[in-house]
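Please examine the structure shown below before reading on.

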Amino acid sequence: MSASLDTQKFSEMIKSKRGKIGLRQLATEIGISASTLSRVEQGNLPDIDTYIKLCEWLEVSTDYFTTNTINQDTQNEVVAFLRADKTLPPATSEALIQMIKLAYDSAVNKD
């Protein structure tokens, strides 16, 4: 599983909270440059320090904007490997495959 940042949700929340506050004023208040704040509001990925500062200003946890994604290729490779392994009885392979699928489904539905 890997996580990715929902930059659209992030930038929209920043713009919404900023409201009519000037870009330069808010950037100074947060401790970042106005150009950085502008880029983030346009949906660009911030560096980690900027991300943390903005999350603190938004009063949300740093995982609020992350989305978990399952690497489907990895799951398919494991399933293929188990099915091809001649040392395992077919019933055992299928039982393991079901467990793996349940684990991946559980990770996806965790949100």
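## Packing around helix α2

Two residues are in contact when they have heavy atoms within 4.5 Å of each other. The model discussed here is predicted. In these terms, the buried residues of helix α2 pack against α1, α3 (34-41) and α4.

Which residues of helix α2 are buried? Helix α2 covers residues 23-30, and its buried residues are Leu26, Ala27 and Ile30. Viewed down the axis of α2, these buried residues lie within an arc of 100 degrees, so they line one face of the helix. Arg24, Gln25, Thr28 and Glu29, on the other side of α2, are exposed. Just after α2 comes Gly31, which takes a positive phi of about 100 degrees.

## The chain as a whole

The chain contains six helices and two strands. Their order from the N terminus is β-α-α-α-α-β-α-α. The radius of gyration of the chain is 21 Å, whereas the globule rule gives 13 Å for 111 residues; the chain is therefore more spread out than a compact globule. Taken along the principal axes, the box filled by its C-alpha atoms is roughly 65 × 20 × 20 Å.

Of the 111 residues, 27% count as buried. The chain exposes about 7400 Å², and carbon and sulfur atoms supply 53% of this area. Among contacts in the chain with a separation of 6 or more, 60% are between residues 24 or more positions apart.

## Aromatic residues

The number of aromatic pairs is three. One of them joins Phe10 and Phe65, which are edge-to-face, with 4.8 Å from centre to centre and 65 degrees between the planes. This pair links distant parts of the chain: Phe10 belongs to helix α1 (residues 7-18), while Phe65 lies in the loop between α4 (48-58) and β2 (66-69), 55 residues apart. Both Phe10 and Phe65 are buried.

Why is the pair of Tyr64 and Phe65 edge-to-face? The ring centres of Tyr64 and Phe65 are 4.9 Å apart and their planes stand at 85 degrees, and planes over 60 degrees apart count as edge-to-face. Tyr64 has 39% relative accessibility and so counts as partly exposed, whereas Phe65 is buried, with a relative accessible area of 1%. Phe10, Tyr51, Tyr64 and Phe65 form one aromatic cluster.

## Lysines over rings

Two lysines lie over aromatic faces. Lys9 is placed over the face of Tyr64, at 4.3 Å from the ring centre. Lys17 lies over the face of Trp57, at 4.7 Å from the ring centre.

Methods. Residues are numbered from 1 along each chain as its sequence is written. This is a predicted model: local features need pLDDT of at least 70, side-chain atom pairs count only at pLDDT 80 or more; totals for chains, interfaces and linings use all residues. Side-chain values use heavy atoms; hydrogens and water are left out. Rings of Phe, Tyr and Trp (its six-membered ring) pair if their centres lie within 6.5 Å; planes under 30 degrees apart count as stacked, over 60 as edge-to-face and the rest as tilted. Helices (H or I, at least four residues) and strands (E, at least two) are DSSP runs, numbered from the N terminus. Buried means under 20% relative accessible area, exposed over 50%, partly exposed in between (1.4 Å probe, protein chains only). A charge sits over a ring if NZ of Lys or CZ of Arg is within 6 Å of the ring centre and within 35 degrees of the ring normal. The arc is that of the directions from the helix axis to the C-beta atoms. The radius of gyration is taken over C-alpha atoms; the globule rule is 2.2 Å times the number of residues to the power 0.38. Accessible areas come from the Shrake-Rupley method with a 1.4 Å probe; for residues, only the protein chains shown count as cover.
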